[in-house]
Amino acid sequence: MCGIVGYIGEKQAAPILLDGLAKLEYRGYDSAGLAVYDEGKITVRRAVGKLVNLVEKTEEGRAVKGTLGIGHTRWATHGKPNEKNAHPHTGSRFSLVHNGIIENEAELRRRFLSDTEFASETDTEVIVRLMDKFTADGEAVDVAIMHLIDVLEGSYALAIIDSLDGEHMYAVKNKSPLLVGKGDGFNMIGSDAMAMIAHTEWFYEIHDKEFAVVSRDGVEIFTSYSQKVSREPYKAELDLSDISKGTYPHYTIKEIEEQPLVLRRIMQEYMDENGELSVPEEILADLRECDKIYIVACGTSYHAGIIGKHFFEKISGKPADSFVASEFVYNMPLLSEKPFFIFISQSGETADSRAVLVKIKQMGHKALTITNVKGSTLSREADHTLLLYAGPEIAVASTKAYSAQVAVLAILAAALKNNIGINLKYELALVANTIESLCGDKELFSRLAKEYIVPSRNCFYIGRGEDYYVCLEAALKLKEISYIQTEGFAAGELKHGTIALIEKDTPVVAIITQANTQLNTRSNVKEVLSRGAKVIRIAMKSVSSHGDQIVVGDVHEILSPLVSVVPAQYLAYYSALHLGCDIDKPRNLAKSVTVE
Ligand code: F6R
């Protein structure tokens, strides 16, 4: 997602900001900017496209003087990726950068800013205008920030500078990641440690609805009701040989949390800035010509394939089915007259899938491979390849590759049809932001895993339709890294046999995101509750009910698997963590399964 970096110290800020932004490039962005304070004035420079454009515009930072500043890489959600929408946004007094989405911006405009002329189409500008308004009404800056926290709804990580004050910058956070880096004679703000690691290894966490007042030689953290927080900085355990794990204790959680970035990268690769889909025409021609799509894969990739089948049928109106490769190869169903094959494989090396590919090529059929690894066997041997752009997936249990597969399948299905009536770029951007908010709920996931799942030897996931498909993947994730036996069930099917296994304290996780089936799944929840099960409910906000423990933000129903799978991935991670399992390398498993 968007990246934030801020610096206050003795050195020139702009080159440091540009360097920090370069470290955040991996997050995906379409414009960049910086604002630097010097002698009572803030200079803002913004540029569309790659960071190099901003580097050139500022002569590598030399053209912007000052030792206090903020920088940003923006991934457009509200408003086009152009210079006026790029951050920092500036009002009459403050400049700020923002990651996240302000959900009540329309209400805030009406309530506080009806006379204000806006220079951009962003929700971020509302925040800077509010800062101007609150301070113009006589509030001190810290009071204005508390007022801001009180009225803003949604997710935000903010870095703010004040044209009347060369001694401070401010960090404000709710549901979007933000850290303060502690230096010697300087301090920094960053959306992740990588932006600051060249300068410091020490970081302060900022919790939701807290703000930090950052000066050259101090950092003070406050709650939204002005109480000073006493918190020690922590040292990032960055082993250089292990650098790609960043500040995370395991690759698994790092990769779970990279999912928003991966989705944005996929959008960058398969969509232009107006949201037009760009999938090679020869692939679309083969897909249009076929009479049925056969999706073949294993494990997690098969689970993504089931969702793909659903996309092709619901979005593009094309018959499709998904098959487990190891079954398909020896028990091939009767094929339609003009079949087209899609192989889904993170590694591109899976032997079971390759066996099918070899066989169907011998039969003269065409195939596309969707893979994370360019030049892999399945990619080389198929007629076409679409890449996942998920970056190296190092943890054995697949997380970000799964969401990448689902997203690429959605784009492919949408590209097959002229007008699908959905703005996929907007909807996927919303998904990415919604996942990012979930990353702020880690304590909840850890507690639920500990209370509900860890004490048991088995567990069930139940759901219907899209939710059922996610249950299959959720169950695989939990069993493979925590070794708790877990099954994903179609919620309505449970009572036809498996409910016999439900006893006192059996954990059951229900996924509920679909309006047309939510009541049925809730009835199934009652059935297991009355037999003593302990139930965790993961519900999408629009269909949530009182008492649902995990409520995920609303996204388009068809894309709900991309969001509802995330709490399940976290539950698996924290169950394994509490049980002391080898999370990144579960026993008996390999990342790339090259034997049949
Ligand atoms: C589970 C997992 C495996 C793989 C499966 C296929 O977390 O990672 O189930 O999905 O082995 O691997 P690829 O996608 O490389 O073909």
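This is a predicted model: local features need pLDDT of at least 70, side-chain atom pairs count only at pLDDT 80 or more; totals for chains, interfaces and linings use all residues.
Ile127 belongs to helix H4, which covers residues 124-136, and, with neighbours within four places in sequence left aside, Ile127 is in contact with Leu96, His98, Ile102, Leu148, Leu152 and Leu158. Along the chain Ile127 and Thr90 are 37 residues apart, while in space their C-alpha atoms are 9.7 Å apart.

## Domain layout

The domain assignment of the protein chain gives domain 1 as residues 3-236, domain 2 as residues 248-422 and domain 3 as residues 440-582. The centres of domain 2 and domain 3, taken over C-alpha atoms, are separated by 26 Å, and the contact between these two domains takes 26 residues from domain 2 and 22 residues from domain 3.

In soluble globular proteins, nonpolar side chains tend to be buried together. Here the largest nonpolar core has 114 residues, and those with the most contacts inside it are Phe311, Phe312, Ile342, Leu412, Tyr461 and Leu571. Helix H13, residues 400-415, gives the most to this core, with 12 residues, and the core draws at least three residues from each of domain 2 (248-422) and domain 3 (440-582). Apart from this core lies another one, of 28 residues, which includes Leu113, Val126, Val141 and Phe222.

The surroundings of Tyr461 can be given residue by residue. Not counting residues up to four places away in sequence, Tyr461 touches Cys471, Ala474, Ala475, Leu478, Thr486, Glu487, Gly488, Phe489, Val509, Ile511, Ala568 and Leu571; Leu571 is, like Tyr461, among the residues with the most contacts inside the largest core.

With Ile197 the picture is one of separation, in that the C-alpha atoms of Leu284 and Ile197, which are 87 residues apart along the chain, are separated by 44 Å.

Ser353 is part of helix H11, residues 351-362, and counts as buried because its relative accessible area is 1%. Not counting residues up to four places away in sequence, Ser353 touches Ala297, Cys298, Ala325, Phe343 and Leu378.

Lys254 is found in helix H6, residues 251-257. Because its relative accessible area is 14%, and the cut-off for buried residues is under 20%, Lys254 is buried. The C-alpha atoms of Lys254 and Lys400 are separated by 9.4 Å, although these residues are 146 residues apart along the chain.

## Cavity

Rolling a probe the size of a water molecule over the atoms shows where empty space is left. The count comes to one cavity of 30 Å³ or more, and about 110 Å³ of space lies in the largest cavity. The lining of the largest cavity consists of 15 residues, of which Cys2, Trp75, Thr77, His87 and Gly100 lie nearest its centre; by class, this lining has three nonpolar, nine polar and three charged residues.

## Backbone features

His87, which is one of the lining residues nearest the centre of the largest cavity, is joined to Pro88 by a cis peptide bond with omega of about 0°. Pro88 lies in the loop between strand E4 (68-74) and strand E5 (89-90).

Positive phi values in residues other than glycine are found at two further loop positions. Ser226, which is not a glycine, has a positive phi of about 70° and lies in the loop between strand E13 (219-223) and strand E14 (228-229), where its relative accessibility of 42% makes Ser226 partly exposed. Asp505, likewise a residue other than glycine, has a positive phi near 70° and is found in the loop between strand E22 (485-490) and strand E23 (507-512); at 34% relative accessibility, Asp505 also counts as partly exposed.

Key. Residues are numbered from 1 along each chain as its sequence is written. Side-chain values use heavy atoms; hydrogens and water are left out. A nonpolar core is a set of buried Ala, Val, Leu, Ile, Met, Phe, Trp, Tyr and Cys residues joined through side-chain atoms within 4.5 Å. Buried means under 20% relative accessible area, exposed over 50%, partly exposed in between (1.4 Å probe, protein chains only). Helices (H or I, at least four residues) and strands (E, at least two) are DSSP runs, numbered from the N terminus. Domain bounds come from an automatic or database domain assignment. Contact means heavy atoms within 4.5 Å. On a 1 Å grid over the protein atoms alone, a cavity is a set of points where a 1.4 Å probe fits but cannot get out, and a pocket is an open set with protein on both sides within 12 Å along at least five of seven lines; lining residues have an atom within 4 Å of a point. Grid points are joined across faces, edges and corners, and a volume is the space filled by probe spheres set on the points. Ala, Val, Leu, Ile, Met, Phe, Trp, Tyr, Cys and Pro count as nonpolar, Asp, Glu, Lys and Arg as charged, and the others, Gly among them, as polar.
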